[in-house]
Every structure is written in C-alpha cells, then in structure tokens.
Amino acid sequence: ASPFMLPRIPSFTMSRTEISSLGEFALIKRLTKDFPLHHESTRLGVGDDAAVIAYPEGLQTLLTTDLLLEGIHFDLTYTPLRHLGYKAAVGSFSDIYAMNGHPQQLTCSIGVSARFAVEDLEELYAGLRLACERYGVDLVGGDTSASLTGLCISITCLGAARPEEIVRRSGAKPTDLICVTGNLGAAYMGLQLLEREKRVFAGEQGDFEPDFAEHEYILERQLRPEARQDIILALAQQGLRPTAMIDSSDGLASELLHISKESGVGIRIYEDRLPIDIETLRMAEELKMSTTTVAMNGGEDFELIFTVPLAELDRLKELEGIHIIGHVTPETQGCYLVTPDGAELRLRAQGWPEEE
C-alpha cells in the first residue's frame, strides 16, 4: 500500500501496547535502544541524567530548537508517524546547515495523548533513527510526558563549525549574487494536495482512494524532505563561503527579508529565474494558484538561500543544483521581485507582493 494512503491516524490493526504499561524509563529505553553513535564528541548519550558532549578544540557549538504541535505544524490524518519523525529531525539539521555547520547531536522530547500506543511512538522514532543514520547525527537524549491535546514534539540539535566557517544572515554586501538550491514551492504544493484529498475524504462514504497519481515528488517534498548537506559539502570542496545564508523553511520572500534586515541591504530577484519543478507548476495550475506566489511564499522546502561575492561567479557555476536568482543592492533601493516585463513588486513576508 502507498505510504500516502488516507487516513493516517495511527493504525489500530497492529498489536498495541499501552504506554502506561511500560513506565517512562522503560519507554525511553525501548524507543532509543537502536540508535548508534557516530561522533567521538558524543562522550555519553542516552541513559544518564544528562548527555556529555566534548567538541575538539577550535570548534564552536551551534544550537537550534523546534517545537511541533499537532494541528498546528502537522496533521496525522495524512502524515505517517515515521515520516513525521524523519521530517522533524531534518528540519533541525537544515538550520545547522544554514549556518554552514554540521549537525552532530539531537534530543527529542515528546508529549503524547492516550490515543497513542508504544508502537506508534516506535514508528515516530524509526523516522528519527533513519534521519540520524542518513545524516550521521547522534540521538543523545530527550523526555516524554503525557499530553491532553495530542502529539507535541520538541527537537534540539547541536552542530559544530570552526568560527571562520560560520555563516550568519548578516554578511550580505551590495553586488553579491543571490542563490537558491534545488527548487521552490514543491512542499507547499504537496501540502495543498494532501489538504484537498482530506476534504474530499471527509465528504465521502465508504471506501476512498485518494488521487495522488503523478504527484509523488511534491508529496515527498512535503512528507519526507531532505536537508542540503550535499550543498554545504560541495561549497566547502569548492572553497566557497557564502557571505550570508538561511534556509527556506518559511518561504523565499520571508527569508530574503531576514537577510535584508540583518545585513542592512536591498534585494533584487527576478521572477523568470525562480526554480520551479514541473510537478509544482502543474499542481499550481490545477489549483488555480500563481506559481510565483507559491515559489515566493511556500515554506518547508528546506532549500538553502545564500549570497556570494560576484567575483566567485565562475567557481559557483561549476556546482550543480544552485540557481542564481538575483543580486544584493544598497539598502536604500529596497527589496523587490522584478517581473519579465520590468515591473517591480515589493517583497512581502506574507507573500502578496504589491506593484510599485
């Protein structure tokens, strides 16, 4: 069966072990027993009052945390728990990569309501484990608690980088090139498709087969995204250090405005340079949505948005998967999207540009 079949509220077909039958410590031991350790810096992982981390001299610690609430950040009607665990981890890894660092350790704390069984949590942790194995990250701790309002997930990720390698949002300079990895809007279109099928499902009687044909890519981008570790490694191999960087978790327009504010610069990007996948384009047309709005404001793509000096253009062109979409300007020139006919639309964080 497809992993995207509705409904996806935790299945009751498997044997179910009540969480209360184990107790907190036995539950944590069961959920974390198969997590291997990848880093020498992890001196002590799960199993004591606290983890022990010791980075080699010369490395600085990066730390990011995310809180995911059922009904706000995810919907278990169509989100498999294994995919949710994977995505929760990858989202935190992406924050570390956006600082030009490398994720090393992860903690995961969860609040669960009575409708969940131990087997459901094992599915969630299977996704976490897959993400940790894929990106070489150690799970070193966490907590569990009862919840009266559904599932709550708190993720904290520790990363490491040398001080001279860390990239902030505040380093962009006028004439820098603005780059984005991969493509934009796919995760948002995957979400719109899932929401559409959920609405249809709610009105159907009897068996219902959701219509996901030829939409596998955008579903994957929404339900099981990837962080751009490959780009960070490629930039380092090429000897390129971005002047400013951020990931696209909240959408291109919002993230560019963060760079603009923190760096004290203006932004010019060009509509015809926005990278949009064909599946994203087809889905936007089917739902009668503007592909530009989708690309500018759809979040959760976890692509990297960064700036590099114009002098690095030749070396930048040697890397695959990176698109130059514009350039940095003086702050007085503002932040705009330029259409193919030359119209300038002011960037808005909520995604509805206004023509000047």
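Helices (H or I, at least four residues) and strands (E, at least two) are DSSP runs, numbered from the N terminus. The model is predicted, with local features needing pLDDT of at least 70 and side-chain atom pairs counting only at pLDDT 80 or more, while totals for chains, interfaces and linings use all residues. Residues are numbered from 1 along each chain as its sequence is written, and side-chain values use heavy atoms, with hydrogens and water left out.

Ile 72 is located in the loop that runs between β3 (60-69) and α2 (81-97). This residue counts as exposed because its relative accessibility is 64%, where exposed means over 50% relative accessible area, buried under 20% and partly exposed in between (1.4 Å probe, protein chains only).

Strand β10 (residues 304-308) contains Thr 307, which counts as buried because its relative accessibility is 1%. A polar contact (a pair of N or O atoms within 3.5 Å; within protein, one able to donate a hydrogen and the other to accept it, and residues adjacent in sequence counting only if both atoms are side-chain atoms) joins the side chains of Thr 307 and Thr 243 at 2.5 Å. Beyond four places in sequence, the residues in contact (heavy atoms within 4.5 Å) with Thr 307 include Asp 176, Ile 178, Pro 242 and Val 328.

Pro 242 occupies the loop between α6 (229-238) and β8 (244-247) and counts as buried, because its relative accessibility is 0%. Apart from residues up to four places away in sequence, Pro 242 touches Val 167, Leu 235, Phe 306, Thr 307 and Val 308. Its C-alpha atom is separated by 14 Å from that of Ala 161, 81 residues apart along the chain.
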